[in-house]
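Subject: Structure for your review

Dear colleague,

I am passing on the structure we discussed, and below it you will find my notes on what turned up. Please read them with the model open beside you.

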Amino acid sequence: MTTGEQQQETIELSQAIARLNSKAWGIAVGMLLGTGLFLATIILVAKGGPNVGQHLQLLSAYFPGYRVTILGSFIGFAYAFVVGYGLGRLIGLIYNRLVA
């Protein structure tokens, strides 16, 4: 194997390693956002009070059906997961285009 072939092989290996798995990033970011909203909702429901989660309730403008309730925490998880999945895929796509 010549030095030129070794350098070319090294470059190809570096590019293959530098690429991100967009699907994995989508799942990871989706789980992060979904779990974050789920926990925030559950904590506010457990805390209770006269105006439970008045600021978090504003998300219902973007996530139809979301409420600061136990059921709403599952609905919010689903919405936040979908948004996070799309965001993670987009991050992976842009990164891979810049690396290539």
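**The loop and its buried glycine**

Gly53 counts as buried because its relative accessible area is 10%, under the 20% that sets the limit for a buried residue. Please bear in mind throughout that this is a predicted model. Gly53 sits in the loop between H2 and H3, and, leaving aside neighbours within four places in sequence, Gly53 is in contact with Leu44 and Val68.

Once residues up to four places away in sequence are set aside, Tyr66 touches Leu37, Thr41, Leu56, Gln57, Leu59, Ser60, Gly72, Ile75 and Gly76. Between the C-alpha atoms of Tyr66 and Leu87, which are 21 residues apart along the chain, the separation is 20 Å.

**The nonpolar core**

Which residues make up the largest nonpolar core? There are six of them, namely Leu37, Leu56, Phe63, Tyr66, Val68 and Ala80. In soluble globular proteins, nonpolar side chains tend to be buried together.

Thr41 belongs to helix H2 and is buried, with a relative accessibility of 0%. Beyond the neighbours within four places in sequence, Thr41 is in contact with Leu56, Tyr66, Arg67, Val68, Thr69 and Ser73.

Helix H2 has 26 residues and spans 37 Å from its first C-alpha to its last, which is close to the 38 Å expected at 1.5 Å a residue. Helix H3, with 30 residues, reaches 43 Å between the corresponding atoms, close to an expected 44 Å.

The buried residues of H2 are Ser22, Gly26, Val29, Gly30, Gly34, Leu37 and Thr41, and these pack against H3. On the other helix, the buried residues are Gly72, Ser73, Gly76, Ala80, Gly84, Gly88, Gly92 and Asn96, and what covers these residues of H3 includes H2.

Ser22 gives a detailed view of this packing. Ser22 lies in helix H2 and counts as buried because its relative accessibility is 13%. Apart from neighbours within four places in sequence, Ser22 is in contact with Gly88, Arg89, Gly92, Leu93 and Asn96.

**A nonpolar patch on the surface**

Turning to the outside, Trp25, Leu33, Val83, Leu87, Leu90, Ile91, Leu93, Ile94 and Leu98 form a nonpolar patch on the surface, and together they have about 800 Å² of accessible area. The elements that give two or more residues to this patch are helix H2 (22-47) and helix H3 (70-99), and H3 gives the most, with seven residues.

With best regards

Terms used: Residues are numbered from 1 along each chain as its sequence is written. This is a predicted model: local features need pLDDT of at least 70, side-chain atom pairs count only at pLDDT 80 or more; totals for chains, interfaces and linings use all residues. Side-chain values use heavy atoms; hydrogens and water are left out. Patches are made of residues with over 30% relative accessible area and no salt bridge: like charges are joined within 9 Å, nonpolar side chains (Val, Leu, Ile, Met, Phe, Trp, Tyr) within 5 Å. Accessible areas come from the Shrake-Rupley method with a 1.4 Å probe; for residues, only the protein chains shown count as cover. A salt bridge is a side-chain nitrogen of Lys or Arg within 4 Å of a carboxyl oxygen of Asp or Glu. Helices (H or I, at least four residues) and strands (E, at least two) are DSSP runs, numbered from the N terminus. Buried means under 20% relative accessible area, exposed over 50%, partly exposed in between (1.4 Å probe, protein chains only). Contact means heavy atoms within 4.5 Å. A nonpolar core is a set of buried Ala, Val, Leu, Ile, Met, Phe, Trp, Tyr and Cys residues joined through side-chain atoms within 4.5 Å. The expected span of a helix is 1.5 Å times one less than its number of residues.
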